[in-house]
Amino acid sequence: MSIPFIDLQAQRARIEDRINCAVRNVIESGAYVMGPQVGEFEKQLREFTGSAYAYGCANGTDALTLAMMALGVGPGDAVFCPGFTFCATSEPVPLLGGTPVFVDIRPDTYNIDVDKLEEAIQAIAAEGRLTPKTIIAVCLFGQTAEYPELAAVARKYGLTLIADSAQGCGATINGKHPIEWADVATTSFFPAKPLGCYGDGGAIYTNDPRIAELVESLRVHGQATERDMEKHAFDHAPKYLNARLGLNSRLDTIQAAILLEKLAIFEDEITMRNVVAEKYSKALHNIVESTPTILDGYRSVWAQYTIEVPDRAQFQAHMKDQGVPTAVYYPIPLHQQPCYKGVGRSYNDLSVSDEKSHKVVSLPMHAYLDNDTQQRIIDAIGAFFENRR
Ligand SMILES: *Cc1c(COP(=O)(O)O)cnc(C)c1O
């Protein structure tokens, strides 16, 4: 019997009736776009993350785009981000005319290396062609980047800080979410993310009222804010005054209704994911080359459980034979991606990103991975290394 990489059906079985009822309510209500469930979900997200403002949007990539638009990223701006992440982290930067500057990662957490970041900011500033503008840090595999230290660097050089929390919704440092330190945090509700919906979805959080006002406008075609209405002395509905170029990027009402049900069990699922991760680490730390490092005071939501192995292709083939799916996040670091040739820059060498891209492999991980199934996965890994001796 083959094992699913992420078992969304096990979660569905737990809350099936509530989800079916929530979806039916939206369909019957007819409020398909920006229905009341969107506002209710945004309210609950504010409470969950401890942020003053939260806005749903169409997906995690749009959330990043909207955040960068609100921060004014454009031509001539350098936006610093890790070289080892999903392509969407930096994708909006060149689309907005800015230049992504790729920085290497820490070898233990896979998150942006704060010292190398500072070197890259200094190098770009000294060169004088681009303006250091924004840092995008990523909560890779579910663990937040070092936001307190990143916020200090951002302050020192006058940059803004975005937390790409697409994989880290619910991840904390000493109980606080990244928005405690970042100017804006974004997340994704893609089904495979720790908090996923049944389609595409995303959100943006901030504590800054000016950023909040812009995001709210930008996600609906740049429609007028109260301030815009006064400035232009406009006395029709705000949606007919387009104060700035924006996107059409709303969170679906049906997805918001589904997310309300999923958010209600999310804390419990984070605990369950941590139990699964602990069992993996205990069983594997003496067998594989590397198991995940979680920094003191950090709580991961385990978007992925990623190990490092030699001979990765053979390892994956062996696991597949044993009915265990594995996945590689990510086989190509961003500074090597064809789409960034000529638009992206890197300052210090990205040897850690390069090395990790050849070694990492992620194991099945979700809240409902039962003991027996997990033991089968662990045994299959053990057998691979036993045979190599
Ligand atoms: C998934 C992901 C995104 C994009 O989210 P979508 O909802 O798929 O657009 C952005 N950044 C990271 C790190 C991701 O993992």
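How many nonpolar, polar and charged residues does the lining of the largest cavity have? By class, that lining comprises seven nonpolar, three polar and five charged residues, where Ala, Val, Leu, Ile, Met, Phe, Trp, Tyr, Cys and Pro count as nonpolar, Asp, Glu, Lys and Arg as charged, and the others, Gly among them, as polar. The model is predicted, with local features requiring pLDDT of at least 70 and side-chain atom pairs counted only at pLDDT 80 or more, while totals for chains, interfaces and linings use all residues. Residues are numbered from 1 along each chain as its sequence is written, and side-chain values use heavy atoms, with hydrogens and water left out.

Cavities and pockets were located on a 1 Å grid over the protein atoms alone: a cavity is a set of points where a 1.4 Å probe fits but cannot get out, a pocket is an open set with protein on both sides within 12 Å along at least five of seven lines, and lining residues have an atom within 4 Å of a point. Grid points are joined across faces, edges and corners, and a volume is the space filled by probe spheres set on the points. Three cavities of 30 Å³ or more were found. The largest cavity has a volume of about 120 Å³ and is lined by 15 residues, with Leu-8, Gln-11, Pro-194, Arg-273 and His-366 nearest its centre. Helix H1 (8–29) and helix H10 (266–284) each contribute at least two residues to this lining, helices being DSSP runs (H or I, at least four residues) numbered from the N terminus. The second largest cavity, of about 100 Å³, is lined by 13 residues, including Leu-140, Phe-141 and Gln-143.

The largest pocket contains about 430 Å³ of space. Its lining numbers 24 residues, of which Phe-86, Gln-167, Ser-188, Phe-190 and Lys-193 are the closest to its centre. Helix H3 (residues 60–70) provides the largest share of this lining, three residues. The space taken by the ligand is the largest pocket, under the criterion that more than half of a molecule's atoms lie within 2 Å of the grid points.

The ligand is surrounded by 13 residues, the closest being Gly-60, Thr-61, Asp-164, Ser-188 and Lys-193; a residue is near a molecule if one of its heavy atoms lies within 4 Å of it. This shell divides into four nonpolar, seven polar and two charged residues. A nitrogen atom of the ligand lies 2.7 Å from an N or O atom in the side chain of Asp-164. An oxygen atom of the ligand is 2.7 Å from an N or O atom in the side chain of Ser-188.

How values were computed. A polar contact is a pair of N or O atoms within 3.5 Å; within protein, one must be able to donate a hydrogen and the other to accept it, and residues adjacent in sequence count only if both atoms are side-chain atoms.
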